[in-house]
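Please look over the sequence and the model before reading on, and keep the model in view while the text moves from one part to the next.

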Amino acid sequence: MIAGRIDMTNAKANAVDDSTERPIRVAARDVSVHYGAKQALFDVSIDIPDRAVTAFIGPSGCGKSTFLRCINRMNDTIEGAKVTGRIELDGEDIYDANLDVVELRARIGMVFQKPNPFPKSIYENIAYGPRIHGLFRSKAELDEIVISSLRKAGLFEEVKDRLHEAGTGLSGGQQQRLCIARAIAVSPEVILMDEPCSALDPIATAVIEELIDELRENYTIVIVTHSMQQAARVSQKTAFFHLGNLIEEGPTEQIFTNPVNKQTQDYIMGRIG
Amino acid sequence: MTDTSLTGTAPRSETSTTGKVRASLGRRHRNEAIFRGLGLLAVLAALGFVAILFSTIISKGLPAFQQAKVNLEVYFDPDIIDVGPPPEPSAAQSPADYRAAELAWQRQLALLNWNSIVETAVREAAPEGFEIDTRQALSIVETSERHTLRERFVRAPGLLGQRVRLDLLASANVDNWLKGTIDRSLADSRQQLSAPARELADYFYANGIINMEFAWSIFTNVDSRAAPAAAGLAGAFMGSVYMMLIVIALAVPIGVASAIYLEEFAPKSRLTDLIEVNINNLAAVPSIVFGLLGAAVFINYFRLPLSAPIVGGLVLTLMTLPTIIIATRGALQGVPSSLRQAALGMGASRTQMVFHHVLPVTLPSILTATIIGVAQALGETAPLLLIGMNAFVAQIPSSPMDQATALPVQIFLWQGNENRNFFEARTSAAIMVLLGLMIVLNAIAVFLRSRLERRA
């Protein structure tokens with residue numbers, strides 16, 4: 001939190017300065033997305049800093065989720081979706097033909113809008129990723145991964161006595177933390193969160209937000225959110241999308257206190273969206 | 001409510017709405033009552049028909065499970081059985097020679113007058129001085145029993161010269177007469193049994209020589225035309241079992257795999273659309289057309305044997321495939337996309353997503369669909385008629401390549417048998433066996449489904 005604040009005070013009006021302080025993890029250049037004949041995203045270019053929370057805000061249908069899904073190529077799974085432009089993870093083109101999407105998704109984890117644990121036990125939910133990627137050598141090692149992932153997601157104390165019960169039996173907020181633990185279990189570099197709190201009550205939301213803030217120490221986090229308050233609370237960098245365009249990006253404090261663009265200002269003030 | 005300015009306006013608008021609602025309420029309730037009544041009526045009508053069906057089948061079929069047996073003392077008369085002792089294997093003889101000698105001995109046995117042994121046994125059991133001729137005496141016992149006696153003697157040549165009490169099958173006509181399935185008041189000329197034979201049957205029944213016993217022969221014997229009382233379902237049952245195994249072994253993996261490919265992997269194109277439309281249409285093709293196809297392709301082209309369960313199984317597989325594919329695709333479509341995304345988001349490949357997450361969730365539905373498809377195939381008759389499975393087969397098939405018939409075809413054959421009053425009960429009994437098999441299949445489906453769902 002302190003590191004983030006220092007960053008923001010140092011930041012100038014544009015975001016490029018912010019990235020000089022931190023290494024860039026993900027860099028996007030002129031990314032456009034078409035769903036069939038309809039263009040959903042127009043030439044988005046943005047740098048996502050390492051070990052910080054970047055928030056995408058904007059009204060419904062503004063393309064923020066679409067862009068998020070480009071980062072781990074989840075748009076590949078949608079019939080008729082076409083992505084153009086360039087996205088780099090640590091300088092590597094993630095749309096390169098030689099890059100295996102399975103490997104990419106192991107490096108870029110994702111948490112979805114609705115908690116979607118597998119209909120298996122809590123243990124198996126978390127063990128699944130390490131299992132398919134072969135990340136452990138012994139049962140003890142797997143146990144260790146499961147427990148430490150649950151701890152990092154702040155869920156261990158609540159579920160330690162029922163690790164082998166169904167993950168779907170947890171409350172909504174617990175399920176979402178289980179999904180975060182599941183994403184952490186494969187030690188990704190980046191975690192994408194697509195409105196992770198939209199299906200949760202305020203208390204569960206607060207718990208998740210706290211968790212996001214803790215995870216920032218070790219992971220690069222990109223979060224899409226409808227709630228401007230949430231973006232202001234958890235993120236260090238904010239990008240505002242509108243009608244498929246990236247309108248403005250910059251340090252969160254600056255976006256919320258002193259936006260350059262008129263549209264951003266209107267949105268922040270609650271006049272659009 | 002406390003605001004006085006509101007109290008003036010609120011009730012007025014309320015009364016107008018309430019009035020309209022009240023006016024429509026009567027009509028709405030009436031409509032609902034009518035609809036409910038119709039629904040209840042439909043359910044009752046359906047239940048009534050099912051009750052009629054089952055009570056008819058059961059009341060007609062149950063007597064067939066009881067069969068008249070004649071308990072006679074059979075004398076293996078050395079004067080009639082004068083064939084000498086069976087050949088013994090000796091060191092001087094090659095095995096082939098011994099086998100030839102044994103067969104020659106058996107052929108001699110087959111030429112003997114076993115009927116006269118049966119006749120003697122009947123006469124001995126009849127009251128002293130009872131007038132009955134040979135044909136009439138023999139009509140008491142089923143014609144197949146002379147072969148039973150011979151086979152018994154082949155197995156135990158030591159019976160020569162001995163008297164043994166045996167339960168022999170009474171003939172179908174005696175069975176009818178005693179069960180009352182033939183009108184006793186009919187004139188002599190219209191009766192199946194002669195007057196002395198009827199009298200003797202009644203005497204035997206009254207004196208405990210003829211007893212009604214559970215008809216195991218229905219389950220252990222094959223079909224028989226010469227000896228209706230000996231006709232059983234064993235051949236048809238095995239034929240059906242072979243076909244069912246073939247359908248399960250072929251239709252389930254092919255059907256499920258094609259559904260998975262079409263639903264999860266195939267690109268959505270004009271070609272896959274065409275395939276989908278065709279599969280949907282195939283499910284509606286009359287089953288007899290599949291029989292025609294089977295005759296043309298499997299028998300004419302691939303030269304597979306006629307009347308064989310292998311061909312029947314292949315035809316039924318073709319018929320069941322669309323059902324299984326459509327049901328499996330439906331189940332796969334029902335899987336929430338959030339589960340797929342969760343798997344893909346974790347870095348699972350498409351195949352891993354399907355086999356680790358999607359398939360386990362859909363397994364219960366796929367299983368149910370499969371069993372319904374197999375049960376449908378099991379009850380199918382029309383296509384089997386076209387590939388010769390309505391042939392009369394008097395042996396239990398030992399492999400799917402042997403000639404056989406199937407349970408529904410056996411029902412069809414018995415239904416058309418000329419000995420109506422005997423086979424009416426047999427037909428219903430066969431239907432009961434077929435229904436029993438279906439119930440077992442469905443019970444397995446319910447059991448597996450509940451187990452899989454509990455595990456998931």
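A polar contact is a pair of N or O atoms within 3.5 Å, where, within protein, one atom must be able to donate a hydrogen and the other to accept it. With that in mind, and remembering that the model is predicted, we can begin with Arg340(B), whose side chain reaches the backbone oxygen of Leu332(B) at 2.7 Å. The side chain of Arg340(B) also makes a polar contact with the side chain of Glu264(B), at 2.6 Å. Arg340(B) itself sits in helix H13 of chain B, which covers residues 337–345, and because its relative accessible area is 16%, under the cut-off of 20%, Arg340(B) counts as buried. If its neighbours within four places in sequence are left aside, Arg340(B) is in contact with Glu264(B), Leu332(B), Val335(B), Met353(B) and Val358(B).

Another residue of chain B gives a contrasting case. Ile52(B) belongs to helix H1 of chain B, which runs over residues 4–61, and it counts as exposed because its relative accessibility of 51% is over the cut-off of 50%. Between the C-alpha atoms of Ile52(B) and Ile246(B), which are 194 residues apart along the chain, there is a separation of 34 Å. As for the confidence of the prediction, chain B has a mean pLDDT of 89, with 96% of its residues reaching 70 or more, while the model as a whole scores ipTM 0.84 and pTM 0.80.

How do the two chains meet? Chain A contributes 21 residues to the contact and chain B contributes 18 residues, and between them the chains bury about 1700 Å², of which 62% is on carbon and sulfur atoms. Five residue pairs are in polar contact between chain A and chain B, counting pairs in which both residues are at pLDDT 80 or more, whereas zero salt bridges are found across this interface. On the side of chain A that touches chain B, helix H4 (101–107), strand S6 (108–111), helix H5 (122–133) and helix H8 (172–184) of chain A each supply at least two residues. Of the elements on this side of chain A, H5(A) gives the most, with four residues. Sorted by kind, the residues of the side of chain A that touches chain B are eleven nonpolar, five polar and five charged.

After H5(A) comes Gly134(A), whose phi is positive, near 65°.

We turn now to pairs of charged side chains. Side chains of opposite charge can pair when their charged atoms come close. The structure holds 36 salt bridges over all chains, and one of them joins Asp90(A) to Arg107(A), with the closest N and O atoms 3.5 Å apart. Asp90(A) lies in the loop between strand S4 (81–89) and strand S5 (92–93) of chain A, and Arg107(A) lies in helix H4 of chain A, so this pair ties together parts that are 17 residues apart in sequence. Asp90(A) is partly exposed, with a relative accessible area of 37%, whereas Arg107(A), at 15% relative accessibility, counts as buried. Asp90(A) and Arg107(A) also belong to a network of salt bridges, whose members include Arg25(A), Asp50(A) and Glu189(A).

An α-helix has 3.6 residues a turn, so residues three or four places apart point the same way. Lys139(A) is exposed, with a relative accessible area of 53%, while Asp143(A) is partly exposed, at 26%.

The last pair is made by Arg233(A) and Glu209(A), whose side chains meet in a salt bridge at 2.6 Å, N to O. This pair links distant parts of the chain, with Arg233(A) in helix H10 (residues 228–234) and Glu209(A) in helix H9 (residues 202–215) of chain A, 24 residues apart. Arg233(A) counts as partly exposed, at 45% relative accessibility, whereas Glu209(A) is buried, with a relative accessible area of 9%.

Technical notes. Residues are numbered from 1 along each chain as its sequence is written. Chains are lettered from A and ligands numbered from 1 in the order in which they are written. Side-chain values use heavy atoms; hydrogens and water are left out. Contact means heavy atoms within 4.5 Å. Buried area is the accessible area (1.4 Å probe) that two parts lose on being put together, summed over both. A salt bridge is a side-chain nitrogen of Lys or Arg within 4 Å of a carboxyl oxygen of Asp or Glu. Ala, Val, Leu, Ile, Met, Phe, Trp, Tyr, Cys and Pro count as nonpolar, Asp, Glu, Lys and Arg as charged, and the others, Gly among them, as polar. pLDDT is the predictor's confidence in each residue, from 0 to 100. Buried means under 20% relative accessible area, exposed over 50%, partly exposed in between (1.4 Å probe, protein chains only).
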